[in-house]
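Subject: A structure for you to look at

Hi there,

Here is the structure I promised to pass on.

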2 protein chains.
Amino acid sequence: MTNSKAVTGTDVARLAGVSKSAVSRAYNGGYVAPDVRVRIMEAARKLRFRPSPAARALSTRRSRLIGLAITALDNQFYPEMVDRLSERLAASGFRMVLFTTRGQADLEPMLDELLGYHLDGVILASTSFATRVASECRDAGIPVMMLVNVDPTGQIPGVTADNRLGAEAIAAHFMTCGYRTMAVINGLQESSASNERTRHFCNSLADHGLPLPHIISGEYSFAGTAEATRRLMALPGRPDAIFCTTDMMAIACLQTLGEYGVVPGRDIGVAGFDDAPIAQWPVFSLTTYAAPLTLMLETCVSNLIQAMSGNAPAAGTISLPGELRVRGSTRAPLV
Amino acid sequence: MTNSKAVTGTDVARLAGVSKSAVSRAYNGGYVAPDVRVRIMEAARKLRFRPSPAARALSTRRSRLIGLAITALDNQFYPEMVDRLSERLAASGFRMVLFTTRGQADLEPMLDELLGYHLDGVILASTSFATRVASECRDAGIPVMMLVNVDPTGQIPGVTADNRLGAEAIAAHFMTCGYRTMAVINGLQESSASNERTRHFCNSLADHGLPLPHIISGEYSFAGTAEATRRLMALPGRPDAIFCTTDMMAIACLQTLGEYGVVPGRDIGVAGFDDAPIAQWPVFSLTTYAAPLTLMLETCVSNLIQAMSGNAPAAGTISLPGELRVRGSTRAPLV
DNA sequence: GTGAAAGCGCTAACAG
DNA sequence: CTGTTAGCGCTTTCAC
C-alpha cells in the first residue's frame with residue numbers, strides 16, 4: 001500500500017529545496033556542496049527514498065546485475081562457491097541472479113533468458129555446453145567469464161584451478177604411495193575440468209612408465225559413481241587406487257567401497273579434486289587437490305568487472321595453482 | 001560492441017511497418033492481428049530484438065525479480081532448496097536474486113539492498129532475525145514469505161515443515177526404540193524451526209512421563225555440534241539417544257560419536273530433521289523427519305505470487321506435514 | 001556548484 | 001484492431 005506513492009528523487013529534491021539533478025549527483029558522487037548534500041540526504045532519509053534501479057538502469061544502460069549460470073548445486077563444491085561469489089559481487093555493488101540448468105535441454109531457453117535480462121555480465125560455472133552460451137553472450141556484447149569449466153579452445157576468458165598441476169600432484173602422490181594399478185572415475189564429456197584432470201593424470205603416469213589407468217565415467221552423480229566403482233571392483237585386476245575428478249564423486253566412491261569391505265587408505269587409495277568442505281569430514285578424510293577458491297573468485301570477478309568497463313578484452317583461460325591435501329583416504333607414502 | 005547499437009522496439013516497429021505499441025502488444029499478449037504479429041516477430045528475430053527489462057520495469061513498476069535472503073549455504077538442506085526455488089520461480093517468469101547473510105551484522109546493509117532493489121517479492125529463508133526484515137519489507141509494500149524459519153508471532157506469512165508433527169514423530173520413534181536418556185542438540189536462539197522442534201520434542205517426552213532431555217546448542221555449525229556432542233558424552237548419565245534439530249547437525253554429531261567408539265544405531269540413537277540429500281548416504285543412514293520440500297516451495301511461491309497480485313493479504317504460518325524416515329542411525333523398535 | 005531539459009525503451013490509456 | 005500521446009524515475013550534457 002505504501003507502494004502506491006513511491007517516493008522519487010523529485011520528492012526529495014522538493015523537500016530539500018534543490019533540483020532533481022542535485023539529488024542525482026548526491027547519490028552518484030558528483031559535485032555537490034557539503035551542506036546541500038547533507039540537506040538532500042536528510043530529506044531522503046526522512047522520506048525513506050530509495051533510487052529506482054530500473055530507472056537508473058534505463059538511463060545508464062547498466063543493471064548492476066550479474067548472471068550466474070550453474071548446474072544443479074548438488075556438487076558439494078558449488079554451494080560454497082555461490083555463497084562467496086555472491087558476497088564478492090556484493091562488495092563491488094553487484095547482485096547475482098541465478099540461472100540453474102539441468103543439462104542441455106535447458107540451454108536454449110536459458111540462453112534467451114540470460115540474454116533477455118540485459119545483465120551487465122555473466123559468469124558461467126555450468127558444466128554443459130557452456131562454450132556455446134558464452135559465445136552468444138559475447139556476440140550480444142555482454143562480458144562473460146567461465147568458471148571451473150572453461151573453454152577448451154581458449155576463445156572465451158575463464159578461470160579454473162590448475163588441472164594439470166592438480167592431476168600431476170595426485171599422480172605423484174599415488175606413485176609415492178606405491179600404488180600400481182590405478183583407475184580414474186571422471187565426469188561428463190562436456191566438462192573441461194574433468195577432461196583435463198583425466199588427461200593430465202594419465203600423461204603423468206605414462207611419463208613414469210606406468211600403464212594407462214582404467215577410465216570410467218561417474219557421470220557427476222552419486223548413483224553413477226557408485227555404479228562405476230562397482231564396475232571397477234569387479235575388474236579382474238582390481239585397482240589399488242582411484243582418482244575421482246571431483247570430490248563429490250570421490251565421496252560417492254568412498255562410500256561404495258564400503259560394500260566390499262575395502263577400507264580406503266588401508267586397502268585402497270582414493271583421491272578427489274576441489275577440496276569441498278565435506279572432504280575433510282572425519283568419515284571421509286579425503287585426500288584431494290584443493291582448488292584455490294578465493295583466488296579463483298577474485299580473479300574471475302575482477303576480470304569480469306574489468307571487461308565490463310570496456311577495458312581489456314581479457315585473455316584466455318587463467319589456471320590457478322591449488323594445493324595437495326593429503327588425508328586418510330590414501331596410505332602413507334613409502335619411505 | 002554490438003551493444004553500442006542496442007535494438008529497440010522502435011526499430012522493430014519500423015522494420016515491421018507498425019507502431020511501437022503494436023510491438024509492445026505483440027510481446028504482451030495484447031490484441032494484434034495474426035499477420036501483423038507474424039510480421040513483428042519476424043522483424044524482431046531478424047534484428048535480434050530483446051525487450052529491455054529495465055524499461056519495462058520502469059513502466060510497469062514490476063521487476064519480475066524475487067529476492068531470496070538466506071544464510072550461508074553450508075546447511076546441506078539449502079542448496080537443494082535454492083536450486084528448486086529458482087526453478088519454480090523461473091516457471092512463473094520470475095528470476096531469483098540472491099542475498100546471503102552471515103549473522104546479524106549483515107542485516108542492516110542487506111535490508112537496504114533488499115529494499116533498494118525494488119524486488120517484486122522477497123523470500124526469507126534466513127535464520128537470523130528475519131522477522132525484523134520481514135516487517136520492514138511489508139512496510140515498504142513488498143510482499144514477503146518466510147520459509148523454514150517463520151515468524152513466531154504469526155504476523156508475517158510463512159511456510160514451514162510441521163515442526164510439531166516432526167518432533168513428535170521423532171520422540172515417538174525414540175520411545176518405541178526403547179531409548180530412555182535423551183538429549184537434544186539444537187541450533188540458534190533466533191531460529192524458530194530449531195526452537196519449535198526442541199520444544200515439541202520435550203513436550204512429547206513429558207506427555208509420556210519421561211524426564212526432560214538435556215538440551216545443548218550445536219550452533220548450526222559442524223564445530224559447534226562436535227563440541228556439543230563431546231559435552232553430551234562427558235555427562236555422568238550419557239544419553240542413549242540424541243535428537244538434532246537439523247540433519248546438518250545430526251551428521252556432525254554422528255561423526256563426532258566416532259571418537260568415542262560409539263556406533264550410531266547400535267550403541268546410541270541419532271535422529272535429524274529435514275532429510276537433506278546426504279542423510280541417506282550409506283555412511284550416515286540418518287533417521288530423520290523429511291520436510292515436504294516440494295510442497296513447501298510450491299506453497300511458498302504460489303502464495304507469494306498471489307500476494308504480489310495484490311490479492312489475499314495472506315495469513316500466518318502454514319505448517320506442512322512431512323514424513324518420518326527411519327534409517328540405520330536409530331535401532332530397531334522393540335517389539 | 002547547480003538547474004533545465006532531453007532522453008533511456010517500454011507500457012498504457014485514449015482515440016480512431 | 002492499431003496508432004498517438006504521455007509518462008515511469010533517473011542520469012546527463014549544457015548553460016548559467
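Let me start with the surface near DNA strand C, whose residues divide into twelve nonpolar, twelve polar and three charged. For the classes, Ala, Val, Leu, Ile, Met, Phe, Trp, Tyr, Cys and Pro count as nonpolar, Asp, Glu, Lys and Arg as charged, and the others, Gly among them, as polar.

Before going further, please note that this is a predicted model, in which local features need pLDDT of at least 70 and side-chain atom pairs count only at pLDDT 80 or more, while totals for chains, interfaces and linings use all residues. Residues are numbered from 1 along each chain as its sequence is written, and chains are lettered from A and ligands numbered from 1 in the order in which they are written.

DNA strand C is surrounded by 27 residues, and the closest are A:Ala33, B:Gly9, B:Ser21, B:Ser24 and B:Ala55. Here a residue is near a molecule or strand if its C-beta atom, placed from the backbone, lies within 6 Å of it. At least two residues of this surface come from each of α2 and α4 of chain A and α1 (9-16), α2 and α4 of chain B. With five residues, α4(B) gives the most. Helices (H or I, at least four residues) and strands (E, at least two) are DSSP runs, numbered from the N terminus.

Around DNA strand D there are 28 residues, the closest being A:Gly9, A:Ser21, A:Ser24, A:Ala55 and B:Ala33. By class, the surface near DNA strand D has twelve nonpolar, twelve polar and four charged residues.

Two of those helices, α1(A) and α2(A), have axes that come within 8 Å and cross at roughly 105°. That makes α1(A) roughly perpendicular to α2(A). Axes are lines fitted to C-alpha atoms, for helices over the stretch in contact, and angles run from 0 to 180 degrees between N-to-C directions. Angles under 35 degrees count as roughly parallel, over 145 as roughly antiparallel, 65 to 115 as roughly perpendicular and the rest as oblique. On the α1(A) side the contact has A:Gly9, A:Thr10, A:Val12 and A:Ala13, which meet A:Lys20, A:Ala22, A:Val23 and A:Ser24 in α2(A). Two residues are in contact if their C-beta atoms, placed from the backbone, lie within 7 Å.

**Where the chains meet**

Chain A brings 38 residues to the contact and chain B brings 37. On the chain A side, α4, α5 (77-91), β2 (95-101) and α6 (107-116) each supply at least two residues. The largest share of that side, six residues, belongs to α5(A). It is made up of 20 nonpolar, eleven polar and seven charged residues by class.

Strands β2(A) and β2(B) (residues 95-101) pair in the antiparallel sense over three bridges, and A:Leu98 stands opposite B:Met96 in β2(B). Two strands pair if DSSP finds at least two bridges between them.

**The sheets**

Which strands make up the open sheet of twelve? The order is β11(A)-β5(A)-β4(A)-β3(A)-β1(A)-β2(A)-β2(B)-β1(B)-β3(B)-β4(B)-β5(B)-β11(B), with mixed pairing. Its edge strands are β11 (317-320) of chain A and β11 (317-320) of chain B, each pairing on one side only. From one strand to the next, the twist averages 25°.

Chain B also has an open sheet of six strands, ordered β7-β6-β8-β9-β10-β12, again with mixed pairing. Here β7 (214-217) and β12 (323-325) of chain B are the edge strands. Within this sheet, β9 (residues 269-274) and β10 (residues 287-290) of chain B run parallel and are joined by four bridges; B:Ala271 stands opposite B:Thr287 in β10(B). Helix α10 (residues 222-233) of chain B packs on the sheet and touches β6 (182-186), β7 and β8 (241-244) of chain B.

**One more helix pair**

In chain B, α8 (residues 163-176) and α9 (residues 192-207) pack at an angle of about 45°, with their axes 8 Å apart. They are therefore oblique to each other.

Happy exploring!
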